[in-house]
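Please find below my note on the model under discussion.

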Amino acid sequence: MKAEDLYQAMAEVKPEYLEESESQIQKRSCKVILHSALIAAVIAAAGCMTALAVTFSLRDSARMDMGISKEAPIPEWTEYEDIGTADTGPEAAEGMPAQAVLTATLCAGTGCAHMWKCRLLTRRWPWFLQTTLTGIMSGTCSGGAVWLHRGCGAGRL
Amino acid sequence: MTDEEILTLFFQRDENAIEQTRLKYHAYCEKIMKQILKDRQDREECWNETLLRVWNAILPQKPENFKMYLAACARNLAFSYYRRLTAQKRGGGEVELALEELSECVQISETPEDSVLAKDLGAAVNQFLKTLDAKERGIFLRRYFFTERTKEIAKRYGLRESNVLMILSRVRKKLTLYLSQEGYPI
């Protein structure tokens with residue numbers, strides 16, 4: 001008897017065994033896809049929850065900081081949400097970029113609409129979060145220990 | 001078209017059965033034959049002969065699992081081709097390695113008694129496979145029925161190649177023991 005006979009004899013294997021080996025592969029592929037989808041869903045959910053938690057805690061902290069109740073509306077938070085339709089006055093007509101116009105408008109006058117954000121960032125959040133959020137605010141506030149507000153002038157508080 | 005519908009066409013001796021089989025299972029059988037035969041033209045000939053064999057053999061018996069029936073036919077014919085080609089020194093492929101591995105399970109001899117035993121070998125192999133767990137059986141069949149590479153098997157089962165080699169070695173030892181207990185010369 002030769003190895004070839006044994007190899008040839010394999011041809012008489014019951015079809016259910018062959019089918020079983022085929023389905024093992026398919027099951028494995030399905031398992032991998034399911035695992036990948038599950039991991040992706042968990043990561044996405046964790047990201048969303050973190051973003052929501054940061055957003056809400058930031059707002060609540062800011063309100064507490066300014067001594068405003070949770071129900072009271074803060075016009076500065078919504079006033080300039082839509083930059084495209086905001087009434088930015090005569091500066092817009094002079095061809096200034098929208099963000100620059102907005103910053104200038106916010107910082108005009110005696111008060112600073114963004115000062116609560118600067119204060120919050122330096123006081124309550126760790127360094128990495130401070131850096132990230134300062135970046136998001138795209139140059140409106142510089143953060144840092146001196147609470148410098150670019151639009152309002154150096155060292156103003 | 002479902003297997004049942006294709007089989008009905010075969011039973012009605014409708015030649016469309018051949019075309020439908022080709023459409024549905026050519027790629028699958030090609031993959032099995034590719035492990036045994038390197039040359040594309042040889043595989044094409046082998047596939048045509050498989051279809052002819054199925055056309056002639058499917059009556060009066062009706063296979064329970066048409067896909068596996070075709071797979072077995074294609075594999076057997078590919079192996080017959082391989083034997084013929086190795087005689088002409090044109091063989092090759094993964095099957096040589098598989099045969100080398102299997103040679104440790106049987107004694108190489110040519111006695112009349114051996115040829116009688118070889119006829120019952122299929123039944124003995126089936127009995128042996130029954131004793132294995134599903135994973136071992138699957139890996140063993142992927143290697144020695146479908147003649148897949150160990151690397152390929154490892155990838156499909158999510159194992160390391162060394163694990164697959166170890167499982168195959170363990171199963172071959174079990175097979176050797178089983179065959180010796182059944183009276184096969186080892």
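1. B:Glu148 is placed in the loop between helix 7 (134-144) and helix 8 (150-157) of chain B; helices here are DSSP runs of H or I with at least four residues, strands are runs of E with at least two, and both are numbered from the N terminus. With a relative accessibility of 3%, B:Glu148 counts as buried (buried is under 20% relative accessible area, exposed over 50%, partly exposed in between, with a 1.4 Å probe and protein chains only). Apart from neighbours within four places in sequence, B:Glu148 is in contact with B:Gln35, B:Glu94, B:Arg142, B:Arg143, B:Ile153 and B:Arg156, contact meaning heavy atoms within 4.5 Å.

2. On the basis of these values: this is a predicted model, in which local features need pLDDT of at least 70 and side-chain atom pairs count only at pLDDT 80 or more, while totals for chains, interfaces and linings use all residues. Residues are numbered from 1 along each chain as its sequence is written, chains are lettered from A and ligands numbered from 1 in the order in which they are written, and side-chain values use heavy atoms, with hydrogens and water left out.

3. A:Glu22 belongs to helix 2 (residues 15-66) of chain A and is buried, its relative accessible area being 8%. Which residues does A:Glu22 contact, leaving aside its neighbours within four places in sequence? They are B:Tyr28, B:Lys67, B:Met68, B:Arg142 and B:Phe146.

4. Chain B as a whole has nine helices and zero strands. Of its 186 residues, 50% are buried. Among contacts in chain B with a separation of 6 or more, 65% join residues 24 or more positions apart. The chain exposes about 9,600 Å², and carbon and sulfur atoms supply 50% of that area; accessible areas come from the Shrake-Rupley method with a 1.4 Å probe, and for residues only the protein chains shown count as cover.

5. B:Met1 and B:Gln20 are separated by 19 residues in sequence and by 7.4 Å in space, C-alpha to C-alpha. Beyond four places in sequence, B:Met1 is in contact with B:Ile6, B:Leu9, B:Gln20 and B:Lys24.

6. In chain B, the axes of helix 1 (residues 3-11) and helix 2 (residues 16-36) come within 8 Å and cross at roughly 150 degrees (axes are lines fitted to C-alpha atoms, for helices over the stretch in contact, and angles run from 0 to 180 degrees between N-to-C directions). Helix 1 of chain B is therefore roughly antiparallel to helix 2 of chain B (angles over 145 degrees count as roughly antiparallel, under 35 as roughly parallel, 65 to 115 as roughly perpendicular and the rest as oblique). The residues of this contact comprise six nonpolar, three polar and two charged; Ala, Val, Leu, Ile, Met, Phe, Trp, Tyr, Cys and Pro count as nonpolar, Asp, Glu, Lys and Arg as charged, and the others, Gly among them, as polar.

7. Helix 2 of chain B also packs with helix 3 (residues 40-57) of chain B, at an angle of about 130 degrees and with the axes 10 Å apart. These two helices of chain B are therefore oblique to each other. Their contact has eight nonpolar, three polar and five charged residues.
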